[in-house]
Amino acid sequence: MRIRRADASDLETVAEFNALLAEESEGLALDRDRLRAGVGAVLRDESLGMYFIAESDTGAAGQLALTYEWSDWRNGMFWWLQSVYVRPEFRRQGILRGLYGHVLNLARERGVCGIRLYVEKENSTAQRAYKRLGMERAVFHMYEVDFVIERHHCRPGKS
């Protein structure tokens, strides 16, 4: 397995993995044009985030994205893991561990103050996987107003 930073040539792979992730984890059918545009924005502008791809001999096996959150309390940056996806045939083979390890090392090199992620509350498989990586459940609950979903009536099973 090889871990590398995604580039513009990975747009379709990353968008497909994100669509599969949304369907599998939340039952959401994402608007593919909006998704491609969002992935493309990150691939063009590191200030928005970064994607990493795990490659096997047969191609992309998994991915994860990073986004950023400034913490005034810590005077430092948190990295948020997002869009974590491993193709089903590659699960339980160390792909997630490899991606996470790569990002963890990079975060330490760059002086990041911590790594966070959110996981769907019913996704016990993902929760166990993150715990095995050494991550702990945070004390926070997440609240949101999602204007995109509100505007486009995107609900589970709809685009």
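A crossing of two helices is termed left-handed if the near helix is turned anticlockwise from the far one by less than a right angle, and right-handed if it is turned clockwise. The structure examined here is a predicted model, in which local features need pLDDT of at least 70 and side-chain atom pairs count only at pLDDT 80 or more, whereas totals for chains, interfaces and linings use all residues. Residues are numbered from 1 along each chain as its sequence is written, and side-chain values use heavy atoms, with hydrogens and water left out.

Helices (DSSP runs of H or I, at least four residues) and strands (runs of E, at least two) are numbered from the N terminus. Helix α1 (residues 11-26) packs with helix α2 (residues 32-44) at an angle of about 125°, the axes being 9 Å apart; axes are lines fitted to C-alpha atoms, for helices over the stretch in contact, and angles run from 0 to 180 degrees between N-to-C directions. This makes α1 oblique to α2, given that angles under 35 degrees count as roughly parallel, over 145 as roughly antiparallel, 65 to 115 as roughly perpendicular and the rest as oblique. The crossing of α1 and α2 is right-handed.

Five strands form an open sheet of mixed pairing in the order β1-β2-β3-β4-β5, where two strands pair if DSSP finds at least two bridges between them. Strands β1 (2-5) and β5 (114-117) lie at the edges, each pairing on one side only, and the twist averages 30° from one strand to the next. Strand β3 (residues 59-71) pairs with strand β4 (residues 76-86) in the antiparallel sense over nine bridges, and the bridge partner of glutamate 69 is phenylalanine 78 in β4.
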